[in-house]
Amino acid sequence: MTPADVIKLAKENDVRIVDIRFIDLPGVWQHFSVPIGELDESSFEDGFGFDGSSIRGWQPIHASDMLVVPDADTAKIDPFYKTPTLVVIGNIVDPVTREPYSRDPRYIARKAENYLKSTGIGNVAYIGPEPEFFIFDDIRFESSREGAFYQIDSIEGAWNTGRDEAPNLGYKPRHKEGYFPVPPMDKFQDLRSEMVLTLEALGIDIEAQHHEVATAGQSEIDMRFKPLLQMADQLMWFKYVLKNVACQNGHTVTFMPKPLFEDNGTGMHTHISIWNDDKPLFAGDKYAGVSQEALYAIGGILTHCKSLCAFSNPTTNSYKRLVPGFEAPVNLAYSSRNRSAAVRLPMYSTSPRAKRIEFRTPDPSCNGYLAFSAILMAILDGIENKIDPGDPLDKDIYGLPPEELAQIPSAPGSLDEALQALKDDHDYLLKGDVFTRDALDMWVDYKIDNEVNPIKLRPHPHEFYLYYDI
């Protein structure tokens, strides 16, 4: 789409407001709006000014002026605003040098795609995430100096089977038994369908939607694979649509990886394939019908997984899901059908065009631009350096004897550990200047200062249960 096409789209839809959006370092959309009269074709070169010092992880106050330059290819009509509104996602540039901003996650994703092309390995990386999420009816929380609590409620919550609901009709999924029930047990079919249709109206292709394993409205909607940058943009729209559709219907959606104790957490299994024109690079005659390049790619993911988790599982809460001995894919191994391995090779189809790698460790709290880029860089490092992934693990990991299980490495046990791994293992990310040291340093510092240390400093409510009478 050209700038002229965007102006035409706005006129055809009687647009009155233009919403300019970009993503901050942690991965949350930011926006401001201008009247339609402020948008012309020159806007797609000149950009719009804003205060970069007020964006998390960005500029100091003495160098705060930044520009966001709209990308015409991202223009869509917002489905929720009362006033007809055009949305465009922008790229961040320095207003003085006009250079792209090193900490702009979207710029990092653009560089990752360009680096892939420069290697000659392929010219497009397709990403297909499977974001899970929870639909709750009520959420209350507080964290203060003298107290802390959270309280979740859901009409589907297994804990509400005895609640007086005048009347309580039952049909609440038991813990870990929420996979694929039909209504009335599944109470959110219509809500998810509304989400799907809203996404499709925005041009986002959807493959499936369903209830997930946990009680209390855990769900999944799967997007059809797209090139890396396009999928990172779509993931932002995905979260935006789901939250707003839920809110309009009196519910709330969260992509927090582990909101419920003793039930399944929320993951985002991520499918990746590399193509060269019309040739799928990962199809071949090796294990599970994949190519040698695919096995090297798996070797790259497994070798760098601990540092990858700093981006693919970037919250302290992520590691409430990634606990060894439970169902989360923490084992740094690969398999064709074993879902407890970090990397799986899906066997639903034998078509060469369907051959891909499924990295199962990530969760949807991630910044997609950064996570997808880091995963691609690990894959390319594996292919370039011919990293052997070892033998596949087709056994039941949970049935292995302790001495054999001890030989299988695990994903990090905490965000602190993942960030340290990133400090120790990041050269593969610096290739092609995809991630800069400036961006990596800011990521680590921001996470430690704003998430790791604040969690360490606060007493946990369960500590009162364990220790108050000592």
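**View 1. Val93 in strand 6 of a predicted model.** Val93 is buried, at a relative accessible area of 10%; here buried means under 20%, exposed means over 50%, and partly exposed lies in between, with a 1.4 Å probe and protein chains only. The residue sits in strand 6, which covers residues 85-93. Helices (H or I, at least four residues) and strands (E, at least two) are DSSP runs, numbered from the N terminus. Leaving out residues up to four places away in sequence, Val93 touches Met66, Leu67, Val69, Arg98, Glu99, Pro100 and Tyr101, where contact means heavy atoms within 4.5 Å. Val93 and Tyr348 are 255 residues apart in sequence, and their C-alpha atoms are 43 Å apart.

A word on conventions: residues are numbered from 1 along each chain as its sequence is written, and side-chain values use heavy atoms, with hydrogens and water left out. Since this is a predicted model, local features need pLDDT of at least 70 and side-chain atom pairs count only at pLDDT 80 or more, while totals for chains, interfaces and linings use all residues.

**View 2. Tyr107 in helix 3.** Tyr107 is found in helix 3 and counts as buried, at 18% relative accessibility. Its contacts, setting aside neighbours within four places in sequence, are Pro100, Tyr101 and Ser102.

**View 3. Helix 3 against helix 5.** Helix 3 (residues 105-119) and helix 5 (residues 228-248) pack at an angle of about 155°, with axes 9 Å apart. That makes the two helices roughly antiparallel, a label for angles over 145 degrees; under 35 is roughly parallel, 65 to 115 roughly perpendicular, and the rest oblique. Axes are lines fitted to C-alpha atoms, for helices over the stretch in contact, and angles run from 0 to 180 degrees between N-to-C directions. On the helix 3 side, Arg106, Ala109, Arg110 and Glu113 meet Leu228, Leu229 and Asp233 of helix 5.

**View 4. Leu242 and the largest nonpolar core.** A nonpolar core is a set of buried Ala, Val, Leu, Ile, Met, Phe, Trp, Tyr and Cys residues joined through side-chain atoms within 4.5 Å. The largest one has 122 residues, of which Leu86, Leu242 and Ile274 touch the most other members. Helix 5 gives the most to this core, with 13 residues. Beyond its neighbours within four places in sequence, Leu242 is in contact with Phe133, Met195, Leu199, Ile221, Val253 and Phe255.

**View 5. Ala216 and a second core.** A separate core of 6 residues includes Phe134, Ile152, Ala214 and Ala216. Ala216 lies in the loop between strand 10 (206-211) and strand 11 (218-223). Its relative accessible area is 0%, so Ala216 is buried. Ala216 also has a positive phi of about 65° although it is not a glycine.

**View 6. The loop between strand 9 and helix 4.** Pro167 belongs to this loop, which runs between strand 9 (148-153) and helix 4 (189-201), and the peptide bond from Ala166 to Pro167 is cis, with omega near 0°. Pro184 is in the loop as well; a cis peptide bond joins Pro183 and Pro184, with omega about 10°. Tyr171, also found in this loop, has a positive phi near 55°. Tyr171 is partly exposed, with a relative accessible area of 48%.
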